Amino acid sequence: LSLSHTHPHTTYGHTPQHNTTHTYRHTTRATMGKGLSMEEKRTRMLQLFHETEEVYTLKELEKIAPKQKGITLQTVKDVVQSLVDDRKVCTEKIGSSNYFWSFKSAATSKLKAEMAEHQERIDKAEQSRATVQQQLDSELAKREDTGERKDILTKLTDLERDRQRLNQELSKYARLDPEAIRHKEQVAMVAKSAANRWTDNVFSIKSWCSRKFGMDDATLNRNLGIAADFDYVD
C-alpha cells in the first residue's frame, strides 16, 4: 500500500471559480452543505474519495470535506466512521495515524464479483434443471407413474423456481452496471456545465441591470421572475 497521495493536479481546499464576478450569491458552495442529511453527507464523502482516489488522514478529511463537499467539520469523523462500518471505506493504522481510502475501481470490482457469483449460481441451477429434465423425459417415455417419477417432477419444479428467483436477483444489478452508471455521470456533467453557463449569463444580466437602473437584488428578481434562491448547480 502506497501512502503517497500528493497529485500534481490536486489542490486541497480549492473551490472552482466562475469567470463572472457578482454580488448576488447568498450562499457559497461550501455553505450549501448546511442542513444535509446523514445519507447526503455519506454520499458526498464517498464522492470525495472516488473523485480523488487518494489516501487521507482524518485531519486531512476534516480540512478538505467542508470546503469541497460542504460537510460540516463537526460531523466529518462520524460520517467517515459510518462508511467504514458499512465497508465502503477502508482504514488502516500505520504508526500513530489512521489512514482512510476508497477507490472507485474497488467498488466496481466488488459489484462485478457479486454479479459473477449470482451468474454462477444460475448456471449451476440451469445445469441441474437440464439433468433433471433428461431424467424426466426418460421416465415419461416409460409412462410409468412411479414414486421415483413423482420425486423427479417435484425436484424439477423446485429447481425451476430457484432458477427464476436467481434470475430476478441478478436483474436487480442491471441498473448498477458500471458502464450504464458512467454514461449517466457523463450526461449529468454535460447538463450541469450547461446549466451553470446559463447561470453565469443570468448573473451578468442582473449585474448590468443593477448598474444601469440602480435596482436592488430583490427588485430585480421580482421583475425578472427569478427565484430568491437561484444559484449554480452543485
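This is a predicted model: local features need pLDDT of at least 70, side-chain atom pairs count only at pLDDT 80 or more; totals for chains, interfaces and linings use all residues.
Student: What about Cys209, buried or exposed?
Tutor: Cys209 has a relative accessible area of 11%. That is under 20%, so Cys209 counts as buried.
Student: And how does Cys90 count?
Tutor: Cys90 is partly exposed, because its relative accessibility is 39%, between the 20% and 50% cut-offs.
Student: New topic. Which residues touch the most other members of the largest nonpolar core?
Tutor: Met45 and Leu61, in a core of 16 residues. Helix 1, helix 2 (58-69) and helix 3 (73-85) each give two or more residues to this core. Helix 3 provides the largest share, five residues.
Student: What is Leu61 in contact with, leaving aside neighbours within four places in sequence?
Tutor: Met45, Leu48, Phe49, Tyr56, Pro66, Val76, Val80 and Phe100.
Student: Which residues are in the other core?
Tutor: That core lies apart from the largest one and has five residues, among them Leu136, Ile152, Leu156 and Leu159.
Student: Back to helix 1. How many residues does it have, and how far does it reach?
Tutor: Helix 1 covers residues 38-52, which is 15 residues. From first C-alpha to last it reaches 21 Å, close to the 21 Å expected.
Student: Which of its residues are buried?
Tutor: In helix 1, the buried ones include Met45, Leu46, Leu48 and Phe49. Lys41, Arg42 and Arg44 are buried as well.
Student: What happens just after helix 1?
Tutor: Glu53 takes a positive phi there, about 50°.

Key: Residues are numbered from 1 along each chain as its sequence is written. Side-chain values use heavy atoms; hydrogens and water are left out. Helices (H or I, at least four residues) and strands (E, at least two) are DSSP runs, numbered from the N terminus. The expected span of a helix is 1.5 Å times one less than its number of residues. Buried means under 20% relative accessible area, exposed over 50%, partly exposed in between (1.4 Å probe, protein chains only). A nonpolar core is a set of buried Ala, Val, Leu, Ile, Met, Phe, Trp, Tyr and Cys residues joined through side-chain atoms within 4.5 Å. Contact means heavy atoms within 4.5 Å.
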